[in-house]
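Dear colleague,

Please find below the sequence and the structure that I am handing over to you. My notes on the findings follow directly after them.

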Amino acid sequence: MFSHLSTGQQEKRFRDALMAVPVRNAAARILSDNPQTGELEIEVELRYRGAVMNFLRRVLKARTRKRYILDRIGRSVWEMVDGRRTFEDIVDEFSKREKLTFFESRALVGQYFQTLTRRGVIVPMLPRSGNVDAAKS
């Protein structure tokens with residue numbers, strides 16, 4: 001994935017990723033909460049890009065919302081996303097909660113972040129100044 005980047009560029013991307021502050025999609029709605037299984041059902045609005053796709057969506061009456069069920073781990077990650085904590089902060093907290101190493105936690109949480117981002121449930125934001133404290137204030 002990063003094989004075309006120099007080592008320095010790869011390190012910068014990695015540091016930037018750790019400083020990213022994930023934010024919940026403001027339009028996401030919690031539909032159901034099952035405390036017994038730890039599952040959380042979330043619904044998000046689907047976005048169709050471009051005039052042609054929007055036209056086809058209307059003509060074909062495609063759905064405008066999508067539901068996702070988060071398992072216990074996905075729910076835990078969702079609950080830690082507060083718009084203030086960085087990805088690194090969340091990985092640290094998750095590793096302590098689940099008694100994992102930072103690297104194990106980073107792999108697991110990173111996979112959930114990718115999935116939640118791709119589905120439009122969360123959005124990663126980078127602090128403008130490059131200063132993590134600026135994102136937390």
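This is a predicted model: local features need pLDDT of at least 70, side-chain atom pairs count only at pLDDT 80 or more; totals for chains, interfaces and linings use all residues.

**Salt bridges**

Glu93 is partly exposed, with 25% relative accessible area (buried means under 20%, exposed over 50%, and partly exposed in between, with a 1.4 Å probe and protein chains only). Its side chain meets that of Arg97 in a salt bridge at 2.7 Å, N to O; the term stands for a side-chain nitrogen of Lys or Arg within 4 Å of a carboxyl oxygen of Asp or Glu. Arg97 counts as partly exposed as well, at 44% relative accessibility. Both residues belong to helix α4 (residues 87-98), where they are four residues apart, about one turn of the helix. Helices (H or I, at least four residues) and strands (E, at least two) are DSSP runs, numbered from the N terminus.

Residues are numbered from 1 along each chain as its sequence is written, and side-chain values use heavy atoms, with hydrogens and water left out.

In total, the structure holds nine salt bridges.

Arg29, Glu41, Glu43 and Arg67 are linked in a network of salt bridges.

**Aromatic pairs and a charge over a ring**

The structure holds two aromatic pairs. Rings of Phe, Tyr and Trp (its six-membered ring) pair if their centres lie within 6.5 Å; planes under 30 degrees apart count as stacked, over 60 as edge-to-face and the rest as tilted. The Phe87 and Phe113 rings have centres 4.9 Å apart and planes at 55°, so this pair is tilted. It links distant parts of the chain, with Phe87 in helix α4 and Phe113 in helix α5 (residues 102-118), 26 residues apart. Both Phe87 and Phe113 are buried. For Phe102 and Phe103, the ring centres are 5.7 Å apart and the planes stand at 85°, so that pair is edge-to-face. Phe102 is partly exposed at 23% relative accessibility, while Phe103 is exposed at 56%.

Arg24 lies over the face of Trp78, at 4.3 Å from the ring centre; this requires NZ of Lys or CZ of Arg within 6 Å of the ring centre and within 35 degrees of the ring normal. Arg24 is found in strand β1 (residues 21-24) and counts as partly exposed, at 33% relative accessibility. Leaving aside residues up to four places away in sequence, Arg24 touches Trp78, Glu79, Val81, Val121 and Ile122, where contact means heavy atoms within 4.5 Å. The C-alpha atoms of Arg24 and Glu79 are separated by 9.5 Å, although the two residues are 55 apart along the chain.

**Surface and overall layout**

Val23, Val123 and Met125 make a nonpolar surface patch of about 220 Å². Patches are made of residues with over 30% relative accessible area and no salt bridge, with like charges joined within 9 Å and nonpolar side chains (Val, Leu, Ile, Met, Phe, Trp, Tyr) within 5 Å. Met125 lies in strand β5 (residues 122-125) and is partly exposed, at 45% relative accessible area.

The chain has six helices and five strands, which run α-β-β-β-α-β-α-α-α-β-α from the N terminus on. Of its 137 residues, 27% are buried. Among contacts between residues at least 6 apart in sequence, 60% join residues at least 24 apart. The accessible surface of the chain comes to about 9,300 Å², with 53% belonging to carbon and sulfur atoms; accessible areas come from the Shrake-Rupley method with a 1.4 Å probe, and for residues only the protein chains shown count as cover.

With kind regards
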